Amino acid sequence: GKTVDLAWLAAQGNNVVGVELSQLAVEAFFTEQQLDFTVSDGALQRYDAVGVDITIYCGDFMQLEGVRCDAHYDRGALVALTAELRPDYAAKVRSLLADDAEQLVITLGYDQSVANGPPFSISEEEILGYWPGLERVDHYDDTPNAPPKFLDAGLTEVFESVWRTPGDST
């Protein structure tokens, strides 16, 4: 996506690759970050920041090919997908990762019988089914930051969980 996390990760010395479906969002990211960019055509249009190690592919994530990553950061993609789409997303992520890749994934947990996403609730069993090596390193009540539709529906607890590769210093 166009999250400011991309710029932060690049500022930490990482070569950052993102995927965003919307061309408007990709171009808005570069505008908001005051970055010049070049555009290359391919299966997915590729936007490369000038002078900063940020590449954003524009299009369907499931069509991304030819990229090999040594880390995976997911703050909003998995929770945005319906239960039917999540297994394919996780398989695609696995196909793009090096064997020793580090991961940092943030999920939400709440009672979907009271309110339904997006963002969707992801159980511990589900995330560990996709990436068995992850460990939960934080779990906290994030109800004050829940989407207004959740609070309006009567949810009283929304928990955020942070999952990472064991031994990862992220």
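Predicted model: local features only at pLDDT ≥ 70, side-chain atom pairs only at ≥ 80, totals over all residues.
Local features require pLDDT of at least 70 and side-chain atom pairs pLDDT 80 or more, whereas totals for chains, interfaces and linings use all residues. Residues are numbered from 1 along each chain as its sequence is written, and side-chain values use heavy atoms, with hydrogens and water left out.

**View 1. A negative surface patch is formed by Asp70, Asp99, Asp100 and Glu102.** Like charges are joined within 9 Å, with the charge placed at CG of Asp or CD of Glu; Asp and Glu count as negative. Strand β6 (residues 97-109; a DSSP run of E, at least two residues) contributes the largest share, 3 residues. Aspartate 100 is found in this strand and is exposed (over 50% relative accessible area), because its relative accessibility is 64%.

**View 2. Cysteine 58 and cysteine 69 are shown in a structure with 0 disulfides.** A disulfide is defined here as a pair of cysteine sulfur atoms within 2.5 Å. The sulfur of cysteine 58 has its closest cysteine sulfur, in cysteine 69, at 17 Å, and is therefore too far away for a bond. Cysteine 69 is likewise in no disulfide. Cysteine 58 is buried (under 20% relative accessible area), at 11%.

**View 3. Isoleucine 122 lies in the loop between β6 and α4 (124-130; helices are DSSP runs of H or I, at least four residues).** Isoleucine 122 counts as buried because its relative accessibility is 6%. Valine 79 and isoleucine 122 are 43 residues apart in sequence, with a C-alpha to C-alpha distance of 6.9 Å.

Notes. Patch = residues over 30% accessible without salt bridge, like charges linked within 9 Å, V, L, I, M, F, W, Y side chains within 5 Å. Areas by Shrake-Rupley, 256 points an atom, 1.4 Å probe, with all protein chains shown as cover. Salt bridge = Lys/Arg side-chain N within 4 Å of Asp/Glu carboxyl O. Buried < 20%, exposed > 50% of the residue type's maximum accessible area, 1.4 Å probe, protein only.
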